[in-house]
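Take a look at the model below. Keep it in view while you read.

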Amino acid sequence: MSKIIAAAAIRGAHACMDRAERMLADAVGRLGRDAQVGFEGTAYALPTILALTGRRVERLRDLEDAVAEAHGWIPSVPTDSTWLPYLGGTLDAGAATLVAHETVESLKPLGGIPLVSGFWLGPTPDSILREQGIKLVDGRMPGFAACVGALPDDETAEQIARDLQERNILVFMGSHTNGDTMAAQLNRRGVQMNWETFLVPYGPDTSSLVHAIGFACRAAMTFGGLKPGGLKEARDILLYNKRRVFAFALALGEVDDEKYATAAGAINFGFPVIADTDIPQILPSGICTYEHVVSNVPHKSMAARAVEVRGVKIRTVDIPIPVRHGPAFEGERVRKEDLAIEFGGKYTRAFEYLTSRPMDRIEDGLIRVVGPEIADAPEGGRLPLAIFIEVAGRKMQSEFESILERHVHSFLSEPMGVMHLGQRDSVWLRISRKARDAGFRISHLGTVLVHKLKNDFPAIVDKVQVTLFTDAADVDALYPTATAAYAYRDERMGALTDEAVDTFYSCALCQSYAPNHICIITPERLGLCGAYNWLDGKAAFEMNPHGGNQPVRKGEVVDPVLGQWKGVNDFVSTASNGAFERFSAYSMITDPMTSCGCFECIACVLPGTSGIMIVDREYPGQTPVGMTFSSLAELTGGGQQTPGFIGMGTLYVLSRQFLSGDGGLARLVWTTTKVKERLGDKLRARCSEIGHPDLYEKIADETVCTDLEPLIEHLAAVEHPALGLGEMI
Amino acid sequence: MGNKVDVKNRSVDPAAQQVLLYARDLGAVTAWDRHDAMQPLCGFGELGVCCHLCYMGPCRIDPFGEGAQVGICGASADLIVARNLARAVASGAAAHSDHGREVVGVLREASAGGSSGYRVVNPTRLLALAAEWGIPASGRSVNDIAGDLARAMTAEFGRQEGSLTPALRAPEGQRRRWDALGITPRGIDREIVDLLHRAHHGVESDPIALLRAAMRTALADGWGGSMIATDVQDVLFGGPTAIRSRANLGVLQERQVNLLVHGHEPALSEMLVRASRDADLLALAREAGAEGINIAGICCTANEVLMRQGMPVAGNYLHQELALLTGAVDLMVVDVQCVMPSLPTIASCHHTSVVSTSAHAHVPGAEHIEFEPHRAKDVARQIVRRAVEAFTRRDPSRVRIPRESADLVAGFTNENLPQYLGGRFRSGYRPLIDAVAAGRVRGVVAVVGCNTLKVAQDRHHLALVRRLIAEDVLVVQTGCSAIASAKAGLLRPEAALEHAGPGLREVCEAVGIPPVLHVGSCVDNSRILSVCVALVAEGGIGADISELPIAAAAPEAMSEKAIAIGLYAVASGVFTAFLPVPRVGGSRVVREYLEGTVERETGGRFLFTEDVEEAVQGILAHLDRKRTALKLAPMLHEGGVPVDAGAASRSLVDYETPRGLEGLGCGKAQARSQARAPRD
């Protein structure tokens with residue numbers, strides 16, 4: 001019965017709190033109260049403590065205050081008879097346990113115990129959180145599983161992990177059972193564990209599970225725009241998780257007091273516990289959506305049962321191929337030693353080409369392999385490959401060919417044991433021995449494409465046929481047709497200018513968590529997430545006329561320099577319920593576009609330089625403006641117009657209209673090496689176009705400086721053109 | 001055969017049965033004996049058709065249609081019944097409300113600082129109330145705020161227009177019904193006076209109009225006087241928390257000074273509890289040969305000091321004489337309401353002193369030590385000293401303390417239940433609401449009220465409560481009804497394992513609560529209204545009180561206050577079983593209105609019955625009707641047996657990987673997975 005759980009959890013909370021207090025006293029004794037404490041790469045201090053208490057812990061003295069507060073939440077253990085109500089107290093004890101765990105984890109490095117070692121990844125930096133967490137929020141990932149302990153054997157561990165991966169569920173692993181850990185079990189099975197494979201080992205101690213909670217807290221603060229503060233704010237953060245993040249804990253093996261205490265903490269977030277052992281159950285709902293604790297669940301059905309208890313039904317597309325598939329397998333690499341066969345890369349010619357046909361020219365579902373099949377090639381051998389996809393549909397337009405083709409990468413990455421990289425004629429595709437041994441053939445690439453194209457684009461794709469050429473002669477024969485198509489598409493895209501169209505597209509795909517934000521996508525300014533361009537918006541509207549992308553008629557020009565049109569202003573005013581009346585497509589100073597939380601980059605004005613800097617969301621370090629990306633994001637996001645700060649897609653830098661109302665590309669004085677490398681030659685070309693062929697080299701990055709003073713010196717030394725443009729504000 | 005007294009039909013409580021036998025040996029005349037002597041009761045009076053309002057009568061209407069059908073003035077049986085009922089409501093409302101006025105006075109006293117010994121113990125509640133009453137709080141001292149609140153509340157009693165401030169807590173739908181019906185309470189005293197005026201000879205002659213006016217007065221009690229009393233007591237003496245104690249005569253201590261507090265208001269009894277802990281008085285008790293000072297309660301004073309101090313409960317209304325008859329009580333202090341005038345006579349069987357303390361209530365034969373808030377501490381210490389003196393006169397050979405006493409957990413309120421259900425972060429009624437919605441708990445029923453000599457003590461209370469919890473109904477209780485359950489062990493959390501239906505049991509086990517929640521004294525019925533408000537506000541099982549799967553019952557109603565409470569429950573939209581049948585039997589019109597038509601007007605109605613099983617069936621049917629109307633899930637168990645509901649009631653969020661372009665989302669996972677090529 002529940003009282004057993006309550007008693008165990010409260011005992012565990014006391015034990016965890018005692019340990020945290022001892023470690024803290026020890027650290028204070030050694031280092032003093034002013035010693036700094038915190039996790040790497042986050043602007044949220046100790047995020048769980050921040051979310052629950054509103055305290056931004058930076059020094060040990062702050063941690064002392066937080067721990068003292070949390071200690072007060074732990075009630076006494078329920079008596080054997082005539083007990084007093086214990087559910088609320090158990091939840092409070094659980095919350096206190098999370099504070100204790102985070103204290104312990106944050107003190108470990110101060111005591112010389114690294115959080116990152118071997119396959120253990122330690123706490124998640126904000127940069128990864130932004131990238132991965134967004135999938136929880138926009139629905140690509142239904143939730144996460146916190147796996148606690150270890151399975152009876154390695155094989156079962158892999159089965160559970162694969163079951164969860166197949167459902168797109170992020171897997172966090174922590175704690176141990178009898179000295180073994182699930183992560184070690186997966187490691188012994190050779191399973192790749194990292195953020196790309198959705199398998200994230202946090203640490204071998206129970207306290208490491210708090211990193212999963214810290215992830216959840218930050219998801220609410222980052223994407224939900226929830227500000228930490230008092231009790232009400234903490235409650236909102238917990239309810240956000242209950243409503244949005246379909247997370248749960250899998251209790252694997254014996255559940256000791258500390259695990260119960262941790263589970264009680266997780267239940268505050270609406271995350272239920274599913275156990276494989278015969279522990280007491282708590283079936284009535286309320287804190288969680290359904291049951292709080294369900295036990296004795298067989299491993300075979302554990303993943304399915306867990307998502308059901310959490311209140312989700314995950315429908316997976318059934319593709320008749322002999323291996324598992326799903327976005328979680330997209331991040332899996334096929335290493336050389338596991339290789340059955342490969343195509344492309346730097347070894348053979350490999351490309352993919354999708355074209356549209358009249359309906360009657362296509363035999364739907366036809367998959368042909370022309371040339372050698374996998375069995376015909378030597379072990380670890382190489383073949384050329386042309387993936388030739390022909391589609392037909394009543395609403396298909398030739399404009400959509402490139403959009404569909406762009407999806408080939410994710411489609412072909414999803415089968416387990418298939419690795420796909422690149423696009424167009426830079427394809428590199430590998431099939432692993434394990435996949436081959438499971439029965440995977442080259443023809444199955446076609447099976448995947450046919451199923452996924454028809455399933456994912458039912459509005460525009462009615463028929464698909466795929467031909468896989470693996471013979472050099474056929475591949476070479478088709479190649480000129482493909483390259484001609486690529487060139488034609490590029491030309492058309494190049495000709496697409498803001499002046500040339502009369503309609504832009506709005507984008508509100510992220511409006512569920514940034515309700516005040518609306519993107520306006522123009523041919524020369526893609527969405528700030530970097531994932532959507534104007535053509536995508538057009539196609540999306542075609543596929544779903546009631547979806548998140550709506551056409552916006554430009555109407556008459558209000559200001560050609562700032563990029564304001566009457567139709568756009570009217571639309572923005574209506575969509576924001578009158579909060580914003582004007583919107584400039586080409587300015588970050590005057591009526592800039594609002595931002596949600598999922599911008600690829602942030603551009604911000606650098607006072608004293610007459611220029612701007614651009615920082616990408618994966619850059620963890622300091623910037624010349626004195627803030628990290630995470631701190632900047634707090635200023636920029638949340639659907640507000642903040643002059644001098646905008647979120648933007650990286651490729652916008654290359655646009656003719658890149659902040660053209662504010663002086664354009666010549667303003668760019670600092671960015672990250674990552675942005676520079678990604679834009680590379682194209683950026684050089686744009687620099688030349690605007691008459692500053694050496695500008696690329698003059699743009700500083702973090703290898704030059706990360707402070708304002710040296711940057712100003714650098715700009716003067718290289719005679720950066722921004723200096724001649726005058727201050728922006 | 002000396003056992004001529006049929007004790008089993010006098011009380012179902014074994015402790016009471018033992019003392020009743022001892023009473024016979026002592027030759028004491030108890031309430032039961034007086035009740036027997038009174039038989040047969042006046043049939044006209046029972047039906048409510050006896051009118052003595054003016055001095056031309058008394059008149060009585062012949063219920064068989066043979067004699068007079070109207071009174072001398074022309075009043076019909078319907079009008080006479082309605083008028084008698086209305087006057088009972090006015091009296092009941094007056095009792096609760098004067099209790100409220102009294103404690104508001106204590107708050108005023110406390111806010112003045114001074115030496116009264118009272119102070120604001122619960123500033124959190126004070127600030128919440130200040131916000132509600134529009135009293136500025138920022139930058140002001142607790143006492144300043146308390147003073148203003150006390151003045152505002154005092155003014156509420158004499159308020160003439162608009163709506164009572166606490167009545168604005170009622171859900172909007174219910175307030176609209178009141179407005180439409182013209183029964184929104186404008187003031188407290190005003191509604192009592194208004195009703196007494198209407199019920200005077202030759203004023204309101206329409207029985208229905210009179211009953212509606214009575215509802216307005218009742219609302220001024222429930223949402224006015226009672227609610228203010230509860231709120232102020234929580235401010236002054238602390239908001240209750242779940243607390244352990246024991247109940248029944250077994251709590252009397254053989255070796256300690258036994259001081260019983262009886263009546264209703266906690267102002268003095270709180271002081272007595274404090275005084276009983278004073279070192280010098282404890283020393284005095286030791287000198288007198290006692291091992292300590294034991295304060296235990298009777299009736300609603302017991303509930304007040306139980307809820308906040310965990311003081312043991314000696315018993316409910318019908319235990320007041322029995323406690324004295326044990327010979328173990330040294331002093332009983334009484335204030336107002338439900339205090340039998342017989343007490344000094346009963347006390348004279350032993351050494352026991354009876355002390356009356358209220359300026360409202362003098363008891364011939366008792367010593368009167370008047371309680372005044374400004375010298376409360378002194379009065380309390382004086383009374384404790386008297387009790388110690390009395391102890392020295394106790395004759396141990398005449399002491400017969402029954403062994404019976406049961407463990408209990410009490411102290412639940414609308415403020416702390418959400419905490420117990422969800423903790424500091426997730427506080428709220430969601431787990432309870434979910435349990436109701438999912439068919440684990442059928443509903444929530446308030447079982448309240450007195451003892452009456454018309455049925456064996458506690459028989460109806462226990463029968464009703466046991467039946468309801470077995471049918472997965474969560475029971476909340478106040479008053480003497482709560483004490484009945486306490487004595488029977490139903491307020492122990494273990495009772496969930498022993499008596500609750502399987503669904504309710506699961507919920508009780510998850511939360512750690514008994515299946516029967518003690519929420520206080522009879523003015524604390526306002527707490528139940530507050531819980532209803534919170535359930536509506538949290539949403540999910542009804543958008544108005546009348547939509548909730550809830551009901552109320554007064555199974556052993558005795559006092560006019562019970563009539564007022566029952567009527568404010570009905571006027572607030574609550575189905576209310578009331579037994580025994582009050583004096584409405586003589587009027588078809590009144591019964592039809594109160595048991596039928598009124599439901600269309602307020603959403604609530606009465607069920608009058610003598611039969612406790614009929615009450616059970618009526619309540620269960622009502623809960624099921626409300627469940628059906630709300631389209632709640634079918635019950636997971638019926639009659640304690642699991643119901644195979646086929647697909648369990650679970651609405652799963654249909655998760656599908658976003659397709660097409662939306663599958664790209666805003667994060668561009670693609671770009672990243674493209675970025676990590678293997679090194680070879």
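## About the model

This is a predicted model: local features need pLDDT of at least 70, side-chain atom pairs count only at pLDDT 80 or more, and totals for chains, interfaces and linings use all residues. Residues are numbered from 1 along each chain as its sequence is written, while chains are lettered from A and ligands numbered from 1 in the order in which they are written.

## Where chain B meets chain A

In total, 55 residues of chain B are in contact with 69 residues of chain A. Two residues are in contact if their C-beta atoms, placed from the backbone, lie within 7 Å. Several elements of chain B give two or more residues to this side, including strand 10 (406-410), helix 21 (502-511) and strand 19 (653-656). Helices (H or I, at least four residues) and strands (E, at least two) are DSSP runs, numbered from the N terminus.

By class, this side of chain B has 23 nonpolar, twelve polar and 20 charged residues. Ala, Val, Leu, Ile, Met, Phe, Trp, Tyr, Cys and Pro count as nonpolar; Asp, Glu, Lys and Arg count as charged; the others, Gly among them, are polar.

Strands also pair across the two chains. Strand 7 (residues 312-315) of chain A runs parallel to strand 19 of chain B, joined by four bridges. Two strands pair if DSSP finds at least two bridges between them. Ile314(A) stands opposite Tyr655(B).

## A sheet in chain B

Chain B holds an open sheet of six strands in the order 13-12-11-14-15-16, with parallel pairing. Strand 13 (516-520) and strand 16 (605-608) of chain B each have a single partner strand, so one side of each is left without a neighbour in the sheet. The twist averages 25° from one strand to the next. Axes are lines fitted to C-alpha atoms, for helices over the stretch in contact, and angles run from 0 to 180 degrees between N-to-C directions.

Strand 15 (residues 575-578) and strand 16 of chain B pair over four bridges. There, Ala577(B) stands opposite Leu607(B). Helix 23 (residues 560-571) of chain B lies across strand 14, strand 15 and strand 16, at about 155° to strand 15.

## Domains of chain A

Chain A is divided into domain 1 (2-310), domain 2 (327-465) and domain 3 (503-724). These bounds come from an automatic or database domain assignment. The centres of domain 2 and domain 3 of chain A, taken over C-alpha atoms, are 34 Å apart. Seven residues of domain 2 are in contact with six residues of domain 3 in chain A.
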